[in-house]
Amino acid sequence: MKTLWEFFQNQILGMKWLNELIGKGLGKIGIDVDSRMGGSIQFFLYDTIKIIVLLCVLIYLISYIQSYFPPERSRQILGKFKGIGANITAALLGTVTPFCSCSSIPLFIGFTSAGLPIGVTFSFLISSPMVDLGSLILLMSIFGAKIAAIYVILGLIIAVVGGTIIDKMKMEDYIEEYIKKAGSVNVQSLKLTKSDRLKYASEQVASTLKKVFPYIIAGVGIGAVIHNWIPEHLIETVLGSKNIFSVILAVLVGTPMYADIFGTIPVAEALYAKGAEFGTVLAFMMAVTTLSLPSLIMLRKALKPRLLGLFIGICVVGIIIAGYIFNLIGVYF
């Protein structure tokens with residue numbers, strides 16, 4: 001069973017066969033993959049193809065699942081739960097929604113204007129970009145199932161705790177007035193046939209790939225540079241175990257950036273290969289995907305400064321704590 005799982009993780013998810021195939025192909029045309037330039041080309045081709053293939057498959061499957069959870073139905077589901085159970089449900093629901101923070105904000109606004117408790121909507125807002133089924137599969141392909149599972153668990157905990165804190169602090173007055181008065185912007189979705197759902201999934205693959213492709217290329221390009229050109233001792237010094245501020249630094253660097261999980265993973269993969277710690281790398285990923293500058297600008301239209309600042313503070317502190325926890329337990333994996 002262990003051998004079968006390792007084959008699935010390395011050859012199906014990780015596509016190690018593809019890396020070897022690309023290496024052999026480059027060798028046949030005279031490119032030395034052991035050189036910096038050759039290694040960068042191999043890394044770029046391998047990670048780009050792997051991520052795009054996994055992305056298309058995952059988006060298709062996840063979009064098909066999403067077709068059963070339109071905004072109105074999601075709102076109805078969330079409305080049935082109370083207290084911490086509602087926060088947990090919202091965080092879990094966030095795992096089957098779109099792939100970046102900017103995509104999550106319209107749903108967040110719709111849920112808030114429909115009258116759902118503010119803490120519940122924030123649990124959704126935190127979870128949706130930080131933790132999704134796609135990130136779980138891609139993380140498994142690089143770091144293994146245990147690391148991926150812990151990443152998801154910590155992300156959900158941040159979402160639930162963050163939403164609960166905001167709920168307890170009674171921050172409803174810090175939602176912009178036009179959001180409160182908008183009412184429910186969602187309508188009951190029509191029943192879709194199986195053919196409609198398959199068509200929807202195909203359309204989502206095309207639209208999402210078009211949207212994230214530039215970030216995949218940029219992320220893989222940065223990863224290739226880190227992987228083959230930046231000295232290992234430099235990464236270890238800045239983001240390794242010898243620097244107790246590595247997690248904080250990673251979060252501060254990652255927060256103003258904008259990328260989705262698919263563009264961030266190649267950078268994380270390269271940093272880890274160069275000696276950065278698990279928790280530092282994963283905290284960087286969480287910060288980039290959850291607290292991107294464009295999404296914060298969009299959120300400012302819906303939240304007053306005090307609530308926006310509280311949201312940022314909760315996420316930053318939660319991600320930093322999660323990063324240090326992961327560094328502590330990561331040594332066992």
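Buried residues are those under 20% relative accessible area, exposed ones are over 50%, and partly exposed ones fall in between (1.4 Å probe, protein chains only). The model is predicted, so local features need pLDDT of at least 70 and side-chain atom pairs count only at pLDDT 80 or more, while totals for chains, interfaces and linings use all residues. Residues are numbered from 1 along each chain as its sequence is written, and side-chain values use heavy atoms, with hydrogens and water left out.

The protein chain has 17 helices and 0 strands; these are DSSP runs numbered from the N terminus (helices: H or I, at least four residues; strands: E, at least two). Of its 333 residues, 50% count as buried.

The structure holds 3 aromatic pairs, where rings of Phe, Tyr and Trp (its six-membered ring) pair if their centres lie within 6.5 Å, with planes under 30 degrees apart stacked, over 60 edge-to-face and the rest tilted. Tyr272 and Phe278 are stacked, at 4.4 Å centre to centre and 20 degrees between the planes. Phe278 also forms a tilted pair with Phe326, at 6.3 Å and 45 degrees. Phe278 lies in helix 15 (residues 278–290) and Phe326 in helix 17 (residues 305–330), so this pair ties together parts 48 residues apart in sequence. Phe326 is buried, with 1% relative accessibility, and Phe278 is buried at 11%, whereas Tyr272 is partly exposed at 34%. Together, Tyr272, Phe278 and Phe326 form one aromatic cluster.

Helix 11 (residues 194–228) bends by about 45 degrees at Val212, with Pro214 following within four residues; the bend is the angle between axes fitted to the seven residues ending there and the seven starting there. Val212 is among the buried residues of this helix, as is Ile216.
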